[in-house]
Amino acid sequence: MWKSRPDEKSASVPPAQPSLTPSPAVTSAVPAKETIKSSDPFRVDAAHIGKSVLIKGELSGSEDLYLDGEVEGTIELREHSLVIGPNGRIRANIVARELILHGKVEGNVQAGERVELKKSSTLLGDVSTQRVVIEDGAFFKGAIDIPKETRTEARKVINAHAGGSSSLSVTTPPALVDPK
Amino acid sequence: MSSVGHSMLRWFRGAGVSEPVSATAPGQAPPVLRHSAGLVEFMRLVDGKEKPSILDLGQTSPVNISCLTELGVRVYNEDLLRAFQEKSYMVRRPDGVDHFDLDAFFAENFAYGDGQLDGILFWDIAGYLPEPVVKPIVERIHKMLKPGGAILALFHTKDAGPDAPYFRYHIRSSDTLELVQGPNFRLQRVFNTRHVENLFRSFASIKFFLGRDHLREVLVVR
């Protein structure tokens with residue numbers, strides 16, 4: 001459902017994009033309207049949740065994700081990257097390998113490798129990661145902790161999840177998923 | 001000495017900064033480098049503690065976050081002036097008198113435990129805050145600091161004038177701050193020495209560092 005519309009196939013969405021396995025109710029949500037920029041390799045390769053999508057519940061997966069909608073609950077991508085677009089409005093704790101934030105997050109972030117806050121971003125919550133990149137203009141309220149052992153633990157997590165199938169799942173009560 | 005201490009020593013011994021790094025926005029004064037004896041003392045007090053926690057109350061500064069995290073510091077950031085800019089906590093009582101709703105303010109800000117922090121970078125924010133909140137905020141800060149914890153604050157002298165530009169403070173080296181003109185906050189009040197002493201009366205010690213510009217650095221220890 002978060003694949004681009006048929007008329008967007010001309011955009012550079014690769015045919016080998018991993019399949020998504022949301023609940024049936026999620027399938028009815030409005031598909032992503034964002035035009036994928038071929039100049040941004042991450043957005044081309046990653047699964048894509050558009051700005052009109054609202055998810056309440058647990059969002060987890062084993063592939064990179066570009067998220068430009070709203071999420072309330074938890075996001076767990078573990079060994080994968082999460083890019084939150086400029087329209088992204090997240091009220092959730094996030095676990096990922098890497099977070100690149102353009103939009104707004106209210107919640108704690110645990111990233112095994114890196115957190116990058118772009119100048120348009122707002123992050124209200126605590127960050128635990130190995131490396132932080134913050135652009136001037138970003139707004140941050142919370143704590144930043146860079147534990148020395150993070151890198152080792154992150155590597156263990158990555159190894160533990162290696163070899164899994166590429167999928168993205170949303171676990172949520174159907175009634176709580178509202179296409180906006 | 002702890003690893004944090006070693007990191008800080010390396011930093012103290014590092015090469016000095018000779019020129020500003022930050023870019024200048026159109027219409028703004030160029031960044032200024034300023035020697036800061038207060039910063040040196042502040043970092044010495046924090047040094048040696050296991051995983052020290054420092055709260056930066058200025059506008060989010062990538063430079064400060066990067067610098068402090070490299071030293072093994074757990075960095076907290078809370079942009080105090082922005083909190084007041086985005087939301088007014090002034091409420092009108094039934095008798096028509098406006099008053100500051102401290103409970104509402106502290107419900108949304110300064111959610112730290114007692115004795116949680118080793119240091120607070122207060123910068124010159126006291127001069128730009130609404131006057132009714134300065135004392136309550138300092139009282140809350142007193143609770144948030146560990147015994148022996150330090151505050152680095154700066155106060156404009158009377159020569160600065162009400163139109164003194166608001167600066168962001170970036171830590172450029174162990175003894176150097178870079179002052180970059182920030183948003184147009186208006187200086188609300190100038191604190192003289194007695195005001196500062198009264199403000200931090202409940203703390204264990206206050207040390208003044210006089211500068212050649214219109215700023216005085218103050219190091220306060222709980």
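This is a predicted model: local features need pLDDT of at least 70, side-chain atom pairs count only at pLDDT 80 or more; totals for chains, interfaces and linings use all residues.

Q: To get my bearings, how many helices and strands has chain A?
A: Chain A has three helices and 13 strands, and buried residues make up 39% of its 180 residues. Among the contacts in chain A with a separation of 6 or more, 31% are between residues 24 or more positions apart.

Q: Switching to chain B, which residues of α3(B) are buried?
A: In helix α3 of chain B, which covers residues 62-70, the buried residues are B:N64, B:I65 and B:L68.

Q: Why do they line one face of the helix?
A: Looking down the axis of α3(B), one finds its buried residues within an arc of 95 degrees, so they line one face of the helix.

Q: And what covers the buried residues of α3(B)?
A: The cover comes from both chains, and it includes β10 (127-134) and β11 (139-145) of chain A along with β2 (53-56), β3 (74-77) and β8 (167-173) of chain B.

Q: What happens just after α3(B)?
A: There B:G72 takes a positive phi, with a value of about 85 degrees.

Q: What unit do β2(B), α3(B) and β3(B) make?
A: Together they make a β-α-β unit that is right-handed. Its two strands, β2(B) and β3(B), pair in the parallel sense over four bridges, and B:L55 has B:Y76 in β3(B) as its bridge partner.

Q: Staying with β3(B), which way do its residues point?
A: B:R74 and B:Y76 point one way from the strand, while B:V75 and B:N77 point the other way, and all of them are buried. In a regular strand, side chains alternate between the two faces of the sheet.

Q: New topic: how many residues of chain A are in contact with chain B?
A: On the chain A side there are 13 residues, and they are in contact with ten residues of chain B. Strands β10 and β11 of chain A each supply at least two residues of that side, with β11(A) giving the most, seven residues. By class, the side of chain A that touches chain B has eight nonpolar, one polar and four charged residues.

Q: In which sense do β11(A) and β3(B) pair?
A: They pair in the antiparallel sense, over three bridges. Along this pairing A:G142 stands opposite B:N77, and A:A143 stands opposite B:Y76, the residue of β3(B) that is also the bridge partner of B:L55.

Definitions and conventions: Residues are numbered from 1 along each chain as its sequence is written. Chains are lettered from A and ligands numbered from 1 in the order in which they are written. A residue is buried if 20 or more other C-beta atoms lie within 10 Å of its own, exposed if 12 or fewer, and partly exposed in between; C-beta atoms are placed from the backbone. The arc is that of the directions from the helix axis to the C-beta atoms. Two residues are in contact if their C-beta atoms, placed from the backbone, lie within 7 Å. Ala, Val, Leu, Ile, Met, Phe, Trp, Tyr, Cys and Pro count as nonpolar, Asp, Glu, Lys and Arg as charged, and the others, Gly among them, as polar. Two strands pair if DSSP finds at least two bridges between them. A crossover is right-handed if, with the strands pointing away from the viewer, the path from the first strand over the helix to the second runs clockwise.
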